[in-house]
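Here is a friendly walk through a protein complex, told as questions and answers. Please look at the picture first, and then read on.

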Amino acid sequence: MAEGDLTADAAGDVTGHRPELVQLLTPEGERVEHPDYHLDLTPEELRGLYRDLVLVRRIDTEATALQRQGELGIWASLLGQEAAQVGSGRAMRPDDFAFPTYREHGVAWCRGVDPLWLLGLFRGVNLGGWDPTAHNFNLYTIVIGSQTLHATGYAMGIQRDGGGPNGEYPGAAIAYFGDGASSQGDVNEAFVWASVYNAPVVFFCQNNQWAISEPIEKQTRIPLYQRARGFGFPGVRVDGNDVLACLAVTRAALARAREGSGPTLIEAYTYRMGAHTTSDDPTRYRLADELESWKLKDPIERLKAYLVRTGLAESAFFTDLDDEAEKLAQHVREGCRSLPDPEAASIFENVYVEQTVPVARQQEQFAGYLASFVGGEH
Amino acid sequence: MATYTLAKALTEGLRKAMERDPKVVIMGEDVGRLGGVFRVTDGLQKDFGEDRVIDTPLAESGIVGTAIGLAMRGYRPVCEIQFDGFVYPAFDQIVSQLAKMHYRSKGSVRMPVVIRIPCGGGIGAVEHHSESPEAYFAHTAGLKVVACSNPLDAYHMIQQSIACDDPVIFFEPKRRYWEKADFDPAAEADPLWQARVIRPGTDVTVLAYGPMVKTALDAATAAEEEGRSLEVVDLRTLSPLDMDTVLASVRRTGRCVVVHEAPQSVGLGAELAARITEDAFYSLEAPVLRVTGFDTPYPPSRVEEEYLPDLDRVLDAVDRSLAF
């Protein structure tokens with residue numbers, strides 16, 4: 001193929017080559033081997049991953065319903081991306097630190113963040129508000145791509161803190177972002193930084209094919225994972241609907257980072273089954289056929305098929321899980337409805353570590369204004 | 001006593017801060033081997049190593065964005081933005097991320113990050129090298145903004161800013177980098193969040209900060225020859241403003257002129273005029289007047305002396321104030 005006559009696109013590279021996905025579990029639930037990525041899980045671990053997938057989807061379903069009922073202002077659904085998030089989330093060790101976008105509900109679950117915190121943000125009672133250091137899970141970042149630089153800086157901090165006796169860092173950073181974010185300057189700057197400093201950071205891109213209404217073709221002319229090469233570190237494309245492959249690939253990338261071998265870009269090839277958010281209407285820009293084809297690749301169904309066929313899970317496991325999901329749903333519904341609205345005074349809290357006189361004065365004046373109403377009620 | 005230029009005072013202040021706290025790291029373009037284009041970080045990489053004085057890739061958003069991550073890991077990054085006009089690529093990271101992290105996390109995350117910005121004109125530079133962007137940052141909740149005007153303050157204020165647990169935008173008056181002063185570095189410093197009356201007077205209060213402080217002082221000296229007594233206040237802190245010091249002065253003199261290089265509209269002068277009017281209305285003999293850059297882009301350097309407030313424009317405003 002002549003230079004200048006390139007027909008690269010997001011799915012294949014300039015040679016027309018269709019890159020192989022790293023896959024360990026086919027959409028039909030067949031366990032397959034990959035020459036570079038091995039995974040040996042106990043039946044209990046496999047059932048644990050299935051449980052995560054089911055519960056995370058349930059949280060998402062409940063949150064979408066709560067938005068429809070007016071309990072949340074908006075919700076960004078992760079439907080279809082459960083395997084990418086649970087696989088990568090469970091690849092993390094306690095000392096690893098995740099920097100999410102606003103859709104990483106599955107990663108939050110893996111990091112032990114109560115889903116009610118996530119709902120608080122979308123309900124409008126807080127701006128996230130959980131303690132990032134308590135979970136090694138940063139606050140959601142809504143400006144697209146900004147968090148990739150935070151992750152890289154955090155990784156530079158890990159480097160400066162030094163490694164253990166064998167020179168390995170105790171943890172690594174992992175930055176989540178989407179296909180749309182890959183066009184952002186900050187993401188590209190993060191790639192440069194991570195590369196030149198050889199920082200222990202993993203870039204985990206969930207390519208869900210759509211940035212609101214813009215298809216991946218509006219962001220790239222080559223498969224996203226191949227961009228890593230231009231920055232000087234490895235990139236790999238993994239089946240984002242295969243929780244086993246996502247786990248194996250992310251584990252390897254985190255291990256590589258911790259041992260001081262630098263960053264990796266993982267492109268988890270997946271699909272946003274729902275709308276961008278509850279305010280979006282995907283029927284305006286994409287075809288139902290596309291959705292139908294991805295339904296056949298569902299991340300939960302394939303693991304269920306595998307567990308059932310191999311006898312690694314019995315029917316009691318599924319029944320118990322249904323009950324657990326029901327209880328979780330109840331926690332989410334009732335917890336959401338009883339999240340208290342913040343007090344007006346809280347507007348002024350934590351603007352600064354050391355409160356300033358002008359802010360304190362505004363708070364005092366506003367309190368006086370509120371108190372001036374008859375009976376003190378505004 | 002020792003003699004320091006303002007640039008050298010900053011270097012020594014940075015050195016002190018780095019000696020005191022191993023978590024202090026310096027990062028920016030050319031800050032390491034070169035010592036910065038203004039040599040403010042001269043010698044620091046040699047003394048503290050490449051891990052603590054970091055020559056970064058050439059991308060300002062990257063500098064501030066990674067500083068945020070370092071702060072989350074417990075470091076106290078001091079970022080250098082090479083010139084005022086180059087801070088805008090980092091604007092999103094500063095305004096949307098750095099300024100809000102403590103608030104969004106309900107206080108669990110702290111952002112002890114200092115962003116040093118050489119600012120202002122008067123050095124005959126090409127465009128984007130002479131700007132005064134302080135109002136953008138003073139307008140942003142969550143940031144603190146300070147401006148030093150002399151070597152002594154430069155030495156102490158940079159250390160105090162680094163010790164501050166909130167993010168601080170630190171403006172350095174680049175055309176005053178080479179001005180000298182004698183001081184004893186061991187002497188006690190004034191608190192960071194206070195303005196200072198640097199020349200007492202009785203007729204008109206002149207408020208200035210950063211590079212305009214010297215201009216205001218020169219104007220006060222010239223005014224004295226005409227029998228007019230100007231009180232010059234160096235604001236030092238732009239966010240929060242130390243209104244107690246400002247109002248006390250204006251109540252004494254009854255008149256106020258604000259001087260800054262930045263364009264007039266919606267600048268610091270506007271905020272000061274509004275607050276003085278709200279809180280010292282009955283003390284005022286004249287409206288608060290502003291002597292500022294114009295509401296134009298920064299002009300070519302061959303006409304910058306016309307754009308920049310100078311002694312005569314300050315005195316003209318003093319005349320107009322006294323004529324009320």
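Two strands pair if DSSP finds at least two bridges between them. Helices (H or I, at least four residues) and strands (E, at least two) are DSSP runs, numbered from the N terminus. Residues are numbered from 1 along each chain as its sequence is written, while chains are lettered from A and ligands numbered from 1 in the order in which they are written. This is a predicted model, in which local features need pLDDT of at least 70, side-chain atom pairs count only at pLDDT 80 or more, and totals for chains, interfaces and linings use all residues.

Reader: Which residue does Gly178(A) stand opposite in S3(A)?

Author: Start with the two strands, S2 (residues 173–178) and S3 (residues 201–207) of chain A, which pair in the parallel sense over 6 bridges. Gly178(A) lies in S2, and across from it in S3(A) stands Gln206(A).

Reader: What is the order of the strands in the open sheet of chain A?

Author: The edge strands are S1 (97–99) and S6 (235–239) of chain A, each pairing on one side only. The pairing in this sheet of 5 strands is parallel, and the order is S1-S2-S3-S7-S6.

Reader: What angle does the direction of helix H6 of chain A make with that of S2(A)?

Author: Axes here are lines fitted to C-alpha atoms, for helices over the stretch in contact, and angles run from 0 to 180 degrees between N-to-C directions. Two residues are in contact if their C-beta atoms, placed from the backbone, lie within 7 Å. Helix H6 (residues 146–161) packs on the sheet of chain A and touches S1, S2 and S3, and its direction makes with that of S2(A) an angle of about 170 degrees.

Reader: Which helix gives the most to the side of chain A that touches chain B?

Author: In this pairing of chains, 33 residues of chain A are in contact with 34 residues of chain B. H5 (132–135), H6, H7 (185–197) and H13 (357–371) of chain A each supply at least two residues of that side. The one that gives the most, with 11 residues, is H6(A).

Reader: How many residues of H9(A) are buried?

Author: A residue is buried if 20 or more other C-beta atoms lie within 10 Å of its own, exposed if 12 or fewer, and partly exposed in between, with C-beta atoms placed from the backbone. Helix H9 covers residues 243–258 of chain A. H9(A) is mostly covered, and of its 16 residues the buried ones number 13.

Reader: Why is strand S13 of chain B largely enclosed by the rest of the structure?

Author: S13(B) has parallel neighbours: 3 bridges join it to S10 (residues 204–208) of chain B, and 5 bridges join it to S14 (residues 289–293) of chain B. In S14(B), Thr292(B) stands opposite His260(B). Strand S13 (residues 256–263) counts as largely enclosed because its buried residues are 7 of the 8.

Reader: Where in chain A does pLDDT stay under 50?

Author: pLDDT is the predictor's confidence in each residue, from 0 to 100. Chain A has a mean pLDDT of 94, and chain B has a mean of 98. Where pLDDT is low, the predicted coordinates should not be read in detail. In chain A, the stretch that stays under 50 is residues 1–7.

Terms used:
The expected span of a helix is 1.5 Å times one less than its number of residues.
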